[in-house]
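Trainee: I have a model open and would like to walk through it with you. Shall we take it one question at a time?

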Amino acid sequence: MATALITGASRGIGREVAVTLAAEGWQVLSAVRNSKSAPSGTQIEIVDMADPESIAALARRLIARNQRLDALVNNAGVYRGVPARRIWAVNVLGPLRLTRALQSLLARDARVVMVTSGLGALSAQPPGLVKRLSDPKLSLADLEHLAEEAPGGYGESKATLNVLARVFAKQLEPQGILVNAISPGWVRSDMGGPSAPRSLQQGAASVLWGVRLPPGGSTGGVFQDGKAIE
Ligand SMILES: NC(=O)c1ccc[n+]([C@@H]2O[C@H](COP(=O)([O-])OP(=O)(O)OC[C@H]3O[C@@H](n4cnc5c(N)ncnc54)[C@H](OP(=O)(O)O)[C@@H]3O)[C@@H](O)[C@H]2O)c1
């Protein structure tokens with residue numbers, strides 16, 4: 001049975017992704033902050049994506065039981081109403097730390113999805129950040145330092161997440177692992193609000209495209225509904 005770990009599986013798009021995969025027969029590990037919030041039919045894994053020790057503890061538990069992962073969906077995110085450092089901790093440092101910590105558990109040909117946003121389009125970011133993110137030699141350590149500075153808000157954090165996907169894609173290519181940043185579009189979740197044009201199902205379908213990529217499929221790109229976006 002294939003196994004997927006989904007962060008932010010408590011509600012919104014992450015929950016929809018978790019429930020869909022579980023209904024298709026995947027073993028789903030719902031990474032949530034509150035054990036009561038995990039969808040039924042999935043296995044609860046507690047993690048606070050803003051807390052490096054909580055991420056390390058989750059990785060230790062999974063490594064101890066030699067948990068193979070066929071898919072990792074870094075979906076947990078925050079939009080606004082919190083300090084910039086928290087936005088960057090959840091949206092960038094969390095996915096960076098979790099993916100790095102779980103690398104050894106990823107199956108050959110695993111899929112990794114970073115859930116991004118159209119607001120992360122590089123052309124919409126300030127020139128200073130664009131210059132830093134455009135450096136082709138950027139390493140994970142460089143991105144970690146950049147994210148610790150928290151240079152901006154939500155859009156800047158997602159632009160950086162897109163580059164994180166590219167860096168992991170290059171690193172994991174030898175194992176056939178495909179890593180992409182995928183936007184769900186503007187979705188009617190707690191984050192997107194009731195006026196958003198897209199349903200949870202439509203948002204989740206966009207994300208799931210990255211989980212279902214065939215071997216040798218796209219890697220290191222930014223997509224929505226299976227189409228490349230900026
Ligand atoms: N909705 C949109 O229109 C839209 C558009 C573009 C991109 N996105 C992206 O899609 C992803 C999911 O968004 P959504 O609309 O489903 O948002 P949502 O309904 O607000 O749900 C956010 C999820 O992230 C989790 N989360 C937040 N902080 C966390 C932390 N510190 N540790 C662990 N989990 C944490 C929440 O868990 P709790 O229940 O514990 O708070 C919840 O499961 C996000 O990355 C978001 O940026 C959304």
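This is a predicted model: local features need pLDDT of at least 70, side-chain atom pairs count only at pLDDT 80 or more; totals for chains, interfaces and linings use all residues.

**Strands and ligand shell**

Trainee: Which residue stands opposite Val73 in β4?

Mentor: Look to the other neighbour, strand β1 (residues 3-7), which runs parallel to β4 and is joined to it by 3 bridges. The residue opposite Val73 is Ile6.

Trainee: How many bridges join β4 to strand β5?

Mentor: These two strands also run parallel. Together with helix α3 (residues 84-102), they make a right-handed β-α-β unit. The number of bridges joining β4 to β5 (residues 106-115) is 5.

Trainee: Is strand β4 mostly covered or mostly open?

Mentor: A residue counts as buried here if 20 or more other C-beta atoms lie within 10 Å of its own. In β4 (residues 69-74), 5 of the 6 residues are buried. The strand is therefore mostly covered.

Trainee: Which strands stand at the edges of the sheet?

Mentor: The open sheet has 8 strands with mixed pairing, in the order β3-β2-β1-β4-β5-β6-β7-β8. Each edge strand has a single partner, so one side of each is left without a neighbour in the sheet. The edge strands are β3 (43-46) and β8 (227-228).

Trainee: Which helix gives the largest share of the shell around the ligand?

Mentor: The ligand is surrounded by 31 residues, with Gly8, Gly12, Gly77, Ser189 and Gly192 the closest. The shell divides into 14 nonpolar, 13 polar and 4 charged residues. Its largest share, 3 residues, comes from helix α1.

Conventions:
Residues are numbered from 1 along each chain as its sequence is written. A residue is near a molecule or strand if its C-beta atom, placed from the backbone, lies within 6 Å of it. Helices (H or I, at least four residues) and strands (E, at least two) are DSSP runs, numbered from the N terminus. Ala, Val, Leu, Ile, Met, Phe, Trp, Tyr, Cys and Pro count as nonpolar, Asp, Glu, Lys and Arg as charged, and the others, Gly among them, as polar. A residue is buried if 20 or more other C-beta atoms lie within 10 Å of its own, exposed if 12 or fewer, and partly exposed in between; C-beta atoms are placed from the backbone. Two strands pair if DSSP finds at least two bridges between them. A crossover is right-handed if, with the strands pointing away from the viewer, the path from the first strand over the helix to the second runs clockwise.
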